[in-house]
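Visitor: I would like to learn how to read the place where two chains meet. Could you take me through an example, step by step?

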Amino acid sequence: MHVTTCYKELIEVFNPRNRPWINMHGAPTEKIIEIVEKCPTDALTWKWNKDVDPEIARRIKEKPVEKVAVPTVKIMKDGPVVIRGGEFKVHSESDGPIKTMKITSLCRCGESANMPFCDGTHRKIGFTDDQ
Amino acid sequence: MKTMEVTIIDKGPIVLIGDFELIDQHGEKRQLGNKVYLCRCGDSKNKPLCDGSHKKKWGEIKLADNSKKKKIIQTSVF
């Protein structure tokens, strides 16, 4: 998706009619960085060349790389372990890989009829974390 | 970043390996490293972590029967 902030605000550098469309000498470095950081889709990103003056690099820091989401493991009070998000694989020690949905609820009370998954039995037996 | 792996140990705990965010039953974020053993027998005195109590309870826990390679249907009932 093109938001077009770059060429609307700095046509001297970002001109889609040219090939190549980016002219690195069209404006001062700081100005180019300012406009690149306005790109909401991250179609444009920037980083320093290896020979950059360390003083300048210290003044204008590169943004850290966005981390990919990790799974969340949520212990439900008096209930199952709910695992969701990110990438994860579930497997049984004896039976190998287990196909799961994007959300997995694993029994913590030990009494599910559908082990290792939660089937709501914890409610019937009054399972609690408090001991 | 390591893809997280969840292992269900026979007659034992749930083992979490890799990168993940753990939130306990009190809503607190816990930093317990890249390998965590969660109680799934219900008897640990140190929930949500395994404390070996499954060894006493053991024998009463049965995995869902998938010996004929049927799909294990997971319910998301809390």
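Guide: We shall go from the confidence scores to the interface, and then to the strands.

Visitor: What scores does the model carry, and what is the mean pLDDT of chain B?

Guide: This is a predicted model, and it scores ipTM 0.74 and pTM 0.60. For chain B the mean pLDDT is 83, with 72% of its residues reaching 70 or more.

Visitor: How large is the area buried between chain A and chain B?

Guide: The size of an interface is often expressed as the accessible area that is lost when the parts come together. Here the area buried between chain A and chain B is about 3800 Å², and carbon and sulfur atoms give 59% of that area. In terms of residues, 49 of chain A are in contact with 41 of chain B.

Visitor: Which polar links does one find across the interface, and how many residue pairs are in polar contact?

Guide: Between chain A and chain B, 17 residue pairs are in polar contact, counting pairs in which both residues are at pLDDT 80 or more. The rule also finds one salt bridge across this interface, and in a salt bridge the side chains of B:Lys57 and A:Glu111 meet at 2.8 Å, N to O.

Visitor: Which elements of chain A give two or more residues to the side that touches chain B?

Guide: They are strand 1 (72-75), strand 2 (81-84), strand 3 (88-92), strand 5 (103-106) and helix 4 (121-125) of chain A. The largest share, five residues, comes from strand 3 of chain A. Sorted by class, the side of chain A that touches chain B has 24 nonpolar, 13 polar and 12 charged residues.

Visitor: How does strand 3 of chain A run relative to strand 1 of chain B, parallel or antiparallel?

Guide: Strands of a sheet pair through backbone hydrogen bonds, in either a parallel or an antiparallel sense. Strand 3 of chain A and strand 1 (residues 4-8) of chain B run parallel and are joined by five bridges; within this region, A:Ser92 stands opposite B:Ile8.

Visitor: In what order do the five strands of the open sheet lie, and which are the edge strands?

Guide: The order of this open sheet is 5(A)-2(A)-1(A)-3(B)-4(B), with mixed pairing. Its edge strands, each pairing on one side only, are strand 5 of chain A and strand 4 (29-30) of chain B. Strand 4 of chain B pairs with strand 3 (residues 21-23) of chain B in the antiparallel sense over two bridges, and B:Ile23 stands opposite B:Lys29 of strand 4.

Technical notes:
Residues numbered from 1 in each chain as written. Chains lettered and ligands numbered in written order. Heavy atoms only, no water. Contact = heavy atoms within 4.5 Å. Buried area = accessible area lost by both parts, 1.4 Å probe. Salt bridge = Lys/Arg side-chain N within 4 Å of Asp/Glu carboxyl O. Polar contact = N/O pair within 3.5 Å; in protein donor to acceptor, adjacent residues only side chain to side chain. Helix = DSSP H or I, 4+ residues; strand = E, 2+ residues; numbered from the N terminus. Nonpolar A, V, L, I, M, F, W, Y, C, P; charged D, E, K, R; others polar. Pairing = 2+ DSSP bridges. pLDDT = per-residue confidence, 0-100.
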